[in-house]
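My entries follow in the order I made them.

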Amino acid sequence: MKYISEQKFIQEQNRVYGVILGNERRRRGISLEELSSGILSRTTLDKVEKGKAEWDKLVGDTLMLRMGISPDYFESMASGEELDRWRLREDICLLVPVSPGEAAAKVEEYRQKYEKRESLEEQFLLKVEVILMLAENLGKCSGEGEYDGLDADSMEETVLDIARRAVSCTVGGDWEENLGGLWLSPGELEAILLVGAALSVCDRKEEAWALWQSVWDYPREHQWKERAAVLILPQAAILGIELSKARDGGKMAPAKNVSVQEKSAQGIPVRGVYNLGRDALELLRRTCCHCYVLPLLDSLCGLEVVEPGEKEYQDQARGFREMFREIYEWFDYPGYRIWQGISVDNTREAGLTLRMLRKFYGKSRENAVYDGTEQVITSRQLEKIEKGIHKPSFENYSRLIRQYGKHTEWNMPLLETTSADDLELRQRISTLMEFRDWERAQWEIERLRSTVNPKYPRVRQELLFYDALLKWEREGASVECLDMIREALRCTVPDFEGKDMKWWVFQREEMMIASNIGGIYRKLGNPEESKKWFEAVIFSVEQHSARTGVCHYGYEMLMESYDNLLGDMQCFDQAVRMSEGTIRKILMFPRINGLHRMLYHIAWNAFEAATGEPEEYEFFRHEWRRAFRTSKIMTDFLHDDCIKTLLNERKEKYLS
């Protein structure tokens, strides 16, 4: 990427998201009309790519997902209303399995509260209606009596009609005949799967199977990355298994002389349904996700397998199913929830961001409404924006944020790059480091170093951070490591010495760097400074999570490090409660990559707490045994060999 001056880069920062979007669109040979169809006009998408248009997160994420690119490569800014809408949709997702009547009522509440809705929002609401109707064996999905008096055939056709209406919210043309020629997101493909489910209910199995096959093949044919494919393939596998079981009574034909791809004359697979479940489950394991994992495991375990290897794998799947059931029951989480496909774990609320930065720099509202040259808005307007009551325009937000030295982005890639491949590589490095695969991580770091420009602040920050972590791993904590990592933080957080860091708006990498600073101070024997850093970052991050009920990406690693400090301070009971609270938040994410480590922390702290509180010994013993056993199975699920070795070494201590 050609280097441009820092000043010019800041001016262009808002355009980077659009540039990446446009680059990928052109690389894949997609026209403006094809990518924007059903959600934006051609003209608006053109403006988005040129950084001249403001867009909602829901729309921006969907545009990226239509090309199979994960939105978590970007950090986003959203208005209070956008997050309120997301929160209400999330409430619906959580209510569907446990209280369908309340879920249906929430759907109507959403429609009444937000009469002006994106087509994607209406699609979500219609999908929920279909899911509720199918789950209740085509009974009423609400108390409105809309479907009273319909016979079974009419009800089946009603479900099919609603499912098709859901698809048509964003998908036009003859999509049933030409699905592969369209550019669709996982959420839109999910609507098409529901049409397949409705067709099956209407006893139109051949049409259902043909539609299912198109959805299953879609991510591979469109070259999606796994982090996007995981948002649709587990649901597709569940439907594929159910379609096959409906034909074969839950049994699978022997593998002899039959290929996996072979189908019967009716379009239903003779063989391969077991592989559907296995492929989807392994995708969840590789990407550390739990979206639809429990219903997928139910479907996989419900098959009557005949091959020895299949039986062995199914036994493992049964162990995973029991583990997830136990975790979900333990932390009161609805394991059969639905997912809306759009997460806010990388999203900051615009009003709260302005408030926190204002307090970080010690400004009053009266002073903060100026952009350095003139008044942008009134202090009363700023107060309403900070409370999330009013939505700032992108132009006003940009002018207000500039005085704090922050970039004027609305959607910003995690690195200063116009390459989606660079962002994917950066994500891979982070994952390798998290699983302590240092050798491969270093090799990938050198690859990244050769493709990005270290003169950009966040690129320089990332490379410095990697170098500090590698040095720490090889040599242990040292003052030199601390200096390197503090220098990394300075790349994007100027003059933090002497400031109250709890009011800083920590972006993802800044949060990880600051928590590592706390960790190094702990290793160097300075618990007071360590505690100060941890508590500042936790306070800052939790300001934002209070708006949505979901913490930011990387929160579990922050709390894992803080847990170590609490252990040093012998605050074991507090550490157990904190870890349990962290797990409740982790489960709200699609990705659960740190869950096994937090469970082990519960086991460790409960074991130590029992020493100091002998009267509570039996309570803590139950706690540490359950946590350790569950952590061990989850470690297998996530393929974390490093932690697996540790747990095997300590099995006798915690389970004897």
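This is a predicted model: local features need pLDDT of at least 70, side-chain atom pairs count only at pLDDT 80 or more; totals for chains, interfaces and linings use all residues.

Entry 1, Arg 449. I began with the contacts of Arg 449, skipping neighbours within four places in sequence, and found Leu 463 and Asp 467. Contact here means heavy atoms within 4.5 Å. Residues are numbered from 1 along each chain as its sequence is written, and side-chain values use heavy atoms, with hydrogens and water left out.

Arg 449 sits in helix H22 (residues 438–449). Helices are DSSP runs (H or I, at least four residues), numbered from the N terminus. I looked up the accessibility of Arg 449 and got a relative accessible area of 30%, so Arg 449 is partly exposed. The cut-offs are under 20% for buried, over 50% for exposed and in between for partly exposed, with a 1.4 Å probe and protein chains only. I also took the C-alpha separation of Arg 449 and Val 459, which is 8.9 Å for 10 residues along the chain.

I turned to helix H25 (residues 508–523) and helix H26 (residues 527–548). Their axes are 7 Å apart and the packing angle is about 160 degrees. Axes are lines fitted to C-alpha atoms, for helices over the stretch in contact, and angles run from 0 to 180 degrees between N-to-C directions. H25 and H26 are therefore roughly antiparallel. The classes are under 35 degrees for roughly parallel, over 145 for roughly antiparallel, 65 to 115 for roughly perpendicular, and oblique for the rest.

I listed the residues that meet. H25 brings Met 511, Ala 514, Ser 515, Ile 517, Gly 518, Gly 519, Tyr 521 and Arg 522, and H26 brings Glu 529, Ser 530, Trp 533, Phe 534, Val 537 and Val 541. By class, the contact of H25 with H26 has 8 nonpolar, 4 polar and 2 charged residues. Ala, Val, Leu, Ile, Met, Phe, Trp, Tyr, Cys and Pro count as nonpolar, Asp, Glu, Lys and Arg as charged, and the others, Gly among them, as polar.

Entry 3, H27 and H29. Next I checked helix H27 (residues 555–568) against helix H29 (residues 595–612). The axes come within 10 Å and cross at roughly 15 degrees. That makes H27 roughly parallel to H29. The contact of H27 with H29 holds 3 nonpolar, 4 polar and 4 charged residues.

I then took helix H16 (residues 308–330) and helix H30 (residues 617–637). Their axes are 10 Å apart, at an angle of about 130 degrees. That makes H16 oblique to H30. I sorted the contact of H16 with H30 into 9 nonpolar, 2 polar and 5 charged residues. The H16 side includes Phe 320, Met 323 and Phe 324, and the H30 side includes Ile 633, Met 634 and Phe 637.

Which residues touch the most other members of the largest nonpolar core? I found Leu 281, Phe 324 and Phe 637, in a core of 222 residues. Such a core is a set of buried Ala, Val, Leu, Ile, Met, Phe, Trp, Tyr and Cys residues joined through side-chain atoms within 4.5 Å. Leaving aside neighbours within four places in sequence, Phe 637 is in contact with Leu 281, Leu 284, Arg 285, Cys 289, Val 293, Phe 320, Met 323 and Phe 324.

Cys 288 lies in the loop between helix H14 (273–286) and helix H15 (293–301). Its phi is positive, about 55 degrees, although Cys 288 is not a glycine. Cys 288 is buried at 2% relative accessibility. Tyr 292 is found in the loop between H14 and H15, and has a positive phi near 60 degrees. Tyr 292 is buried, with a relative accessible area of 11%.

His 639 lies in the loop between H30 and helix H31 (641–649). I found His 639 partly exposed, at 40% relative accessibility. His 639 and Arg 285 are 354 residues apart in sequence, yet 7.2 Å apart C-alpha to C-alpha. Cys 642 is in helix H31. Cys 642 and Arg 436 are 206 residues apart in sequence and 7.0 Å apart, C-alpha to C-alpha. Not counting residues up to four places away in sequence, Cys 642 touches Phe 435 and Arg 436.

Key: Helices (H or I, at least four residues) and strands (E, at least two) are DSSP runs, numbered from the N terminus.
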